[in-house]
Every structure is written in structure tokens, then in C-alpha cells.
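Hi,

Here is the structure I promised to send over. Have a look at it first, then read my notes below.

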Amino acid sequence: MAKRIVSRIGNIFCTEIDNQYKVYLQYIAKDIEQLNSTVIRVFKKRYPINYEPILEDIVKDDVDFYAHVMLNNGIRDGVWYKVGTHNDLGDTDNICFRSFSEGNYQHLTKSHRWYVWKINKPHVFIGELSNKYRHYEIGWVFPYIQIISRIKTGNYTVRLLD
């Protein structure tokens, strides 16, 4: 029988990128408005592969990005591992996400059906994406491979619309 994975808000995880450096991420919220998914913050600083984590320093680092993710899949598949827990979750009340609702969008280049929201707050329809919302994080629930791609390259590999 597979071992049950238990993750809790505040848990900090480490992912080792190409056996060259470490990046830390923290489980900061459960978003009932986006499939009851796990929200993480990924920290900017890259640490040497032999770094022993000091949680107080990690949570004080700048945030690279926020994302909804299938956290336990990354744990189960050994993509990241828990290094500790810290109560400092940052300012979770002001994290903003955006997403569009177009169904099959394979041939679209622009969406006119964008929504924005904050964690655990209702989605708000905004129509066409304006510059006011362009900096909001994409609010899809990503598999861990997309999180690793964004850590490495600064971008997700999935096609996003305007």
C-alpha cells in the first residue's frame, strides 16, 4: 500500500534543479475558488546544492512567483521534498490570479473571457485582458513539470493567450 502523503499550510519544500542548485517553495493556502487547490510561493534565491536550509532566511526571501499546483504529486514523484514548516506565509490576502474561459482554445490568439480573483474570493469577469491585470499570475492548477519549467526558464511551457 502506498504511503499517505500529508502536507500542511506552512510546509516548506526544496527542489534540486539539474543537480546544480536548490530552490525553495512554500505551501501558503488552499484556494476553494480554484478547485480547492494548493497555492505555493516559489522563492527567487538559488542556493548551492550543499546548502542546509535556514527556514527563517528562506521565508524572508523575495517571491519569484505564486502558483496553484498539484503539490502531493511532486512529493510522491520525488520532485520536491519537505524541509520544515514556518508560520510566516507572506501577504496571502493580496495575491491575484487570472484565467480565461474559452473551452477549446487551440486556434485562439486572444480571449475575451478573462476572470480575476484573489485566494478564496469569487472570480470576477473582466472580459478582455487589460494592462491593469496582465501582471496577475496565471491561475491554472499546474502539474509540477510546469513549476519546474518556470523555475528554470521563467516561463511555463503551455501556450497562454492575451
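Cys14 counts as buried because its relative accessibility is 0%; buried means under 20% relative accessible area, exposed over 50% and partly exposed in between, using a 1.4 Å probe and protein chains only. Cys96 is buried too, at 18%. There are zero disulfides in the structure, a disulfide being a pair of cysteine sulfur atoms within 2.5 Å.

Before you go on: this is a predicted model, so local features need pLDDT of at least 70 and side-chain atom pairs count only at pLDDT 80 or more, while totals for chains, interfaces and linings use all residues. Residues are numbered from 1 along each chain as its sequence is written, and side-chain values use heavy atoms, with hydrogens and water left out.

Now the nonpolar cores, meaning sets of buried Ala, Val, Leu, Ile, Met, Phe, Trp, Tyr and Cys residues joined through side-chain atoms within 4.5 Å. The largest has 28 residues, and Ile40, Val42, Leu71, Trp80, Ile147 and Ile151 have the most contacts inside it. Its largest share, four residues, comes from β2 (strands are DSSP runs of E, at least two residues; helices are runs of H or I, at least four; both are numbered from the N terminus). Apart from that core lies another, of nine residues, including Phe43 and Tyr51.

Ser149 is buried, at 12% relative accessibility. A polar atom of its side chain lies 3.0 Å from the backbone oxygen of Asn155.

Cheers

Definitions and conventions:
A polar contact is a pair of N or O atoms within 3.5 Å; within protein, one must be able to donate a hydrogen and the other to accept it, and residues adjacent in sequence count only if both atoms are side-chain atoms.
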